[in-house]
Amino acid sequence: MSEPYTTVIGLEVHVQLLTESKLFCRCSTKFGAEPNTQTCPVCIGMPGTLPVMNRKAYGLALKTAVALNCNIPEFTKWDRKQYYYPDLPKGYQISQYDLPMSADGYLEISDPKGRFEPKRVGIIRAHLEEDAGKSVHDEAAGKADSEIDLNRTGTPLLEIVSQPDMRSSTEAKAFLQELKLLLTYIGVSDCNMQEGSLRVDGNVNLHLDHNSQRIATPIVEIKNMNSFRAVERALDYEAARQYREWQETGRNLGDAPKQTRGWDDVAGVTRGQRSKEESSDYRYFPDPDLAPVTTTATEVQAVRASLGELPAELRLRLTEAFELSDYDADVLVNQGRPLVDYYLEVAEHSGDPKAACNWVTQDVLRVLGDEGATIESFPIAAKQLGDLITTIREGNLPNTRAREAFNLMRQSRLDVATAIAQLGIQKVDESELIALVNELLAANPKTVADIRAGKLQAAGALIGQAKKRNANVDPNRVRELSIELAQQGEG
Amino acid sequence: MSLADLTAAELLDLLDRGETTSVEVTRAFLDRIEAQEQSIGAFLRVEADRALVQAAGVDAKRRGKQRVGLLAGLPVAVKDVLCDRDTLTTCASRMLENFRPPYDATVVAKLKAADAVLIGRTNMDEFAMGGSTENSAFQVSRNPWDTSRTPGGSSGGSAAAVAASMTPLAIGTDTGGSIRQPAGLCGVVGMKPTYGRVSRFGLVAFASSLDQVGPFAHTTKDAALLLEAVAGYDARDSTSINRPTPRYSQSIDEPLKGLKVGVVPEHFAAGLDPEVEVAVRQAIDVYKSLGAEIREINLPHSKYGVAAYYVIAPSEASSNLARYDGVHFGYRTEQTEMLAELASERKELLDAGDTKAADDMDTALVRMYRRTRAEGFGPEVKRRIMLGAYALSAGYYDAYYLKALKVRRLIRRDFDEAFAQVDVIAGPVTASPAFKLGEMVDDPLAMYLVDLYTVPANLAGIPGLSLPCGQTQSGLPIGLQLQAPPLEEDRLLRAARMFEQATNWNKMRPPKT
């Protein structure tokens, strides 16, 4: 890092949990419905209504917290966070304040490209809360009205707060990618940023040495980052901006209140929003309408046992038991559990994990990428891809024609044997091949002379001719035989 | 003698034997309302038409030999704080003047399921905050025993309606004494059940951890019947207790053997009206004469009850009432007027050259909040919102709210220890009989102190009951408060019934006005 400062980053991530219904009522959480069609007296806070906790949401939050290596206290409670806003119909948000459902966890991140050393990012806490509604500001000319959509009100959110353990935007992005991967592996969220199921705020400041003193710049919270790319750009922009500002003002942490800035993705800048200092005192207090939640150690153990293999464990298995490279393991695991399952089946069926990895990471992923498809709809079943690999290994399909077979299998949904038959691929008998090569050598004395003179690459000229005579010949074998027979003739 | 002079149990007996009909019963009470209501003002709305339709429906059921509910054909008045589907539910506040909830409170749904006749909605202090019903935004209610005096509050309308025999049964709510105090002042039976015994779903919240719904009636037998109809676990209220509801009305007439009655010396300290003291001591003597053992017990932390209550209740209220902001339901300030006000203020500031102040002015949204709440709430509600918001503020939370919660736990512990020695605790409901209307409106603190004897039961979550036990020289009712351990409503009602059957106080009726 060539900058004269260290960027210090902590992230606050809001994850919408994959429940059918809201956190404290039975309204649907489905995205994209007509405004205000997924509401009821409870979630819009009508007088006299009372919240009832959705156990499923609590279960998903617990699963996430355990996967993030958090401590799960036996006792957690609900608090009211109070502020006025039109999209907050009760005048308070039900959240968790001083006794969150989980705390003190971590998530490990690493970079196969080696841009940073593997590290453990601490999780300060993860707590459950209800989402607010959405204000829709109609900015059309002459229309000053804002409209409120309360469909989202009461949707369960898990707020995950990291320690300020990240030192670059690359690390921050890696943290988010690993977190997203973990959440999708354990099935607690779809993490769709466009639909708001994953929202990220960042806290950033700089540490720098000045007059042989270690100093820190004021902390800035960045909001409105709507993609991982935006997070990366905003953090980079903000670090540079803070350094400029520090050079101009010399202001250190404590000299100025914590500031909130919004990321403008089009302009590529952060802009100041309301200052945290004038933001309200939320007057948190325990929600008297809800009973505290208790979780036993046995329950936590059961959740842990139900998690299945997490991405980090899976990467380790792929590198250790399957002897894949870190890079390959990363590529596979980062594609998500269904692709890993596909790979595992191909590897098992073919008995060749490395070849399976090559086929999956190169050919399968290329097709999926080109077609924007997912592995679930990929037309070649894992067993058939395994068969393809086996067929190649057994010499019944030359490598040169394997991709042809793969494409036909995919396009016409054929098994490998049928595809080979349709392509007219047949194994060429060794004696037939020797006869063919001898014929070619006889017809190309210049090539023979070259080979004998040690210019082995001259054999390449015969491969094309051999293929013209018989499309099924294995070019490698043709090369080997040409050299061998030419040199034999010499003796 | 009118049907309206009978108790609920007597009416039910006649109805079951076919000697009268619910329509006749309902008419008798509507007639009584017609005659009395103008001078009492107990009802915010009398639902005569609906009541007669419901009554006719119950009569048809009886004629058709169909199974009928526990309250089949009996009029019940409901405090205007419990949601009644598609029917005005105002909480006696301008804020909810036109509010019609699209759902029934669980209690209201249970009343309907029990075939009750919902005769009308009773007056109350705005959002149940107060002890005289004078904080109603709409009307004054008067004590049927002396119309220059308060019926008490906040469920003053329900208490007065029963006292004046305008309904045999009524529903109230009690957050710091709002059932027991008006029952005491109006000479009727009123009961606050254990916190969680009756669902709060659809009860417009004042202080969620203290609010509880309960019955008013002329007798404990009637109160038992009404409680049985509305009590029970409700999955929609996370604070409701998941235990079966006892058949209170079946066991009510069984006296308790070897009853131990606790008496608290602090209850008889300075400030207690001498006539009230005499009546309450005589009531305790009645228990002695019935074979009960009287034991002195102590509730050392009860004296901090009012202080703790006036931190906890306003804190919760400040939060519960935040939703009345003019955005989604209820009252909203007049927009054109508001925008004109903003424009003229802005102009004034700019004319004076104060651009900074003009920039710092309220946004239209903030001004809408301010005006809506300033216009929609009455002074007592505003006072409590301010008290609560202050107590919950950063820097004050520990000293007020947290401290109050500690006091609350100590009060509960006092009761637990006391109930290890006695079955029920007997004492006064209020320090004095009904006071004059207007007497305390300018002295909120004096008004708060009226809750001295009733607040501890709410803080501890235990059941408490008020029943008539005497009268002053001038003919004002005096109440006796009995308290029991959590979920011992059956014991509480039967202990009260013993007193009731040994005396005639429950048969006293105010003069017709």
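In the predicted model, the contact between the two chains takes 24 residues from chain A and 36 residues from chain B. On the side of chain A that touches chain B, 15 residues are nonpolar, four are polar and five are charged.

The largest nonpolar core of the model has 220 residues. Within this core, the residues with the most contacts are A:Phe175, B:Val76 and B:Phe216. Helix 2 of chain A, residues 169-185, supplies the largest share of the core, namely nine residues. Apart from this core lies another one, of 30 residues, which includes A:Leu332, A:Val360, A:Met409 and A:Ala419. The surroundings of B:Val76 can be listed, leaving out residues up to four places away in sequence. B:Val76 touches B:Leu71 and B:Leu111, the run of B:Ala116, B:Val117, B:Leu118 and B:Ile119, and also B:Thr167, B:Leu169, B:Ala170 and B:Ile171.

Two packed helices are described by the angle between their axes and by the distance between those axes. In chain A, helix 9 (residues 382-393) and helix 10 (residues 399-412) pack at an angle of about 160°, and their axes are 11 Å apart. Angles over 145 degrees count as roughly antiparallel, and helix 9 of chain A and helix 10 of chain A are therefore roughly antiparallel to each other. The crossing of helix 9 and helix 10 of chain A is right-handed. From helix 9 of chain A, the contact involves A:Gln384, A:Leu388 and A:Ile392, while helix 10 of chain A contributes A:Asn399, A:Ala402, A:Ala405, A:Phe406 and A:Met409. Six of the residues in this contact between helix 9 and helix 10 of chain A are nonpolar and two are polar, with no charged residue.

A:Ile420 belongs to helix 11 of chain A, residues 416-422. Because 24 C-beta neighbours lie inside 10 Å, A:Ile420 counts as buried.

A:Ala453 is located in the loop of chain A between helix 13 (445-452) and helix 14 (460-469). With 9 other C-beta atoms within 10 Å, A:Ala453 is exposed. Between the C-alpha atoms of A:Ala453 and A:Pro89 the separation is 89 Å, and the two residues are 364 residues apart along the chain.

Some details of the backbone remain. Most residues other than glycine have a negative phi, and most peptide bonds are trans. A:Arg283 is not a glycine, yet has a positive phi of about 45°. A:Arg283 lies in the loop of chain A that runs between strand 14 (269-275) and strand 15 (285-286), and counts as buried because there are 24 C-beta neighbours inside 10 Å. B:Phe127, also not a glycine, has a positive phi of about 55°. The loop between strand 3 and helix 5 of chain B holds B:Phe127, which counts as buried with 32 C-beta neighbours inside 10 Å. B:Ser154 is found in the loop between strand 3 (117-122) and helix 5 (156-163) of chain B. The peptide bond that joins B:Gly153 and B:Ser154 is cis, with omega about 5°.

Technical notes. Residues numbered from 1 in each chain as written. Chains lettered and ligands numbered in written order. Predicted model: local features only at pLDDT ≥ 70, side-chain atom pairs only at ≥ 80, totals over all residues. Helix = DSSP H or I, 4+ residues; strand = E, 2+ residues; numbered from the N terminus. Buried ≥ 20, exposed ≤ 12 C-beta atoms within 10 Å, placed from the backbone. Core = buried A, V, L, I, M, F, W, Y, C linked by C-beta atoms within 7 Å. Contact = placed C-beta atoms within 7 Å. Nonpolar A, V, L, I, M, F, W, Y, C, P; charged D, E, K, R; others polar. Axes fitted to C-alpha atoms, helices over the stretch in contact; angles between N-to-C directions. Parallel < 35°, antiparallel > 145°, perpendicular 65-115°, else oblique. Left-handed = near helix turned anticlockwise from the far one by under 90°.
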